[in-house]
Amino acid sequence: MHRARPDVSAVVVHFETPDVLARCLDALRASAGVALEAIVVDNASPGFAIDQVERHFPGARAIANQTNEGFAVAANQGLRVGRGRYLLLLNADTIVEPDTIAKLVAYLDEHPRVGCATARLNLEDGSLDLACRRLFPTPERALYRMSMLSRLFPRSQTFAQYNLTYLPEDRETEIDAPCGAFMMVRAEIRESVGLLDERYFMYGEDLDWAYRIKRAGWKNVYYPEAVALHLKGASSAHNRPRSIRAFYEAMRIFYGQHYASRYPRLLSWLIYRAIDVRERVELLAARA
């Protein structure tokens, strides 16, 4: 029997946060005004059972990996089998409101040149998760961020470019990249642009995907009328040193892919060394 095509396929990658996953799935199930399928990909979490998924989202599909494949590999497993008109990359620590997904679907239906849209992501204290609306991390923007100039001058259009903090948080904005915690793309992106780059183990895959989507001629948009809660860092908290290494390795991969050929070799060498130093400092702080 032919099944009707859902509006949205929500792909949730899970790793060792069963209570958070339960909240995520309960919220998805409460989504109104949209035909939704859920696909959960577990990265070898101890004690993970597929019936845990079914309990919180009846009819959801669960894929249980035998080893931790990393975020990009696991997400692609779900994105490949999603049947929806739109594909939603959703972190297990992201909790949607009942109308969040329907608002994004309506927005994308009305804006055919938008390839990727994201919601306003709020942190637990109610503040905006700055990562949900970003420009690409060029060397100039990275310098402003790493030197803390972006924090010292959050209203500066020069120093605060990366996180766009000079713009009102409630303004719909064309951006370069959203946060991979909530990233809704058209299904045709899967065929025309491809999926996540699996060289990224954790972090950076969202920036790279957004970069390729935009390079293909699509718009990426921050749409704050749709809101979700981001319980940031639930999975990465299990192994902080590993997360730090993955984050800075993602920076090296992204820079090498998209920027290294544009800049003098000496500048690129300095940028790689700056990444190395920042990584060592954070590792030392994490072990203290």
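Analyst: One term to begin with: buried means under 20% relative accessible area, exposed means over 50%, and partly exposed is in between (1.4 Å probe, protein chains only). Helices (H or I, at least four residues) and strands (E, at least two) are DSSP runs, numbered from the N terminus. This is a predicted model, where local features need pLDDT of at least 70, side-chain atom pairs count only at pLDDT 80 or more, and totals for chains, interfaces and linings use all residues. Residues are numbered from 1 along each chain as its sequence is written, and side-chain values use heavy atoms, with hydrogens and water left out.

User: ok, strand β8: which way do its residues point?
Analyst: F182, M184 and R186 point one way, while M183 and V185 point the other way. All of them are buried.

User: which sense does β4 pair with β8 in?
Analyst: Antiparallel, over 5 bridges, with β4 being residues 86-91. Two strands pair if DSSP finds at least two bridges between them. L89 has M183 in β8 as its bridge partner.

User: how many bridges join β6 to β8?
Analyst: 2 bridges, and these strands run antiparallel. β6 is residues 114-122. C116 has V185 as its bridge partner in β8.

User: new topic. how many salt bridges does the structure hold?
Analyst: 21. A salt bridge here is a side-chain nitrogen of Lys or Arg within 4 Å of a carboxyl oxygen of Asp or Glu. Side chains of opposite charge can pair when their charged atoms come close.

User: what does D176 form a salt bridge with?
Analyst: K214, with the closest N and O atoms 2.6 Å apart. This pair links distant parts of the chain, 38 residues apart: D176 is in the loop between β7 (173-175) and β8, and K214 is in helix α8 (residues 205-215).

User: is D176 buried or exposed?
Analyst: D176 is buried, at 9% relative accessibility. K214 is partly exposed, at 26%.

User: which residue does R252 meet in a salt bridge?
Analyst: E249, at 3.1 Å, N to O. R252 and E249 are about one helical turn apart because they are 3 residues apart in helix α9 (residues 240-258). R252 is buried at 17% relative accessible area, whereas E249 is partly exposed at 38%.

User: which residues are linked with them in a network?
Analyst: R273, D276 and E279 are linked with E249 and R252 in a network of salt bridges.
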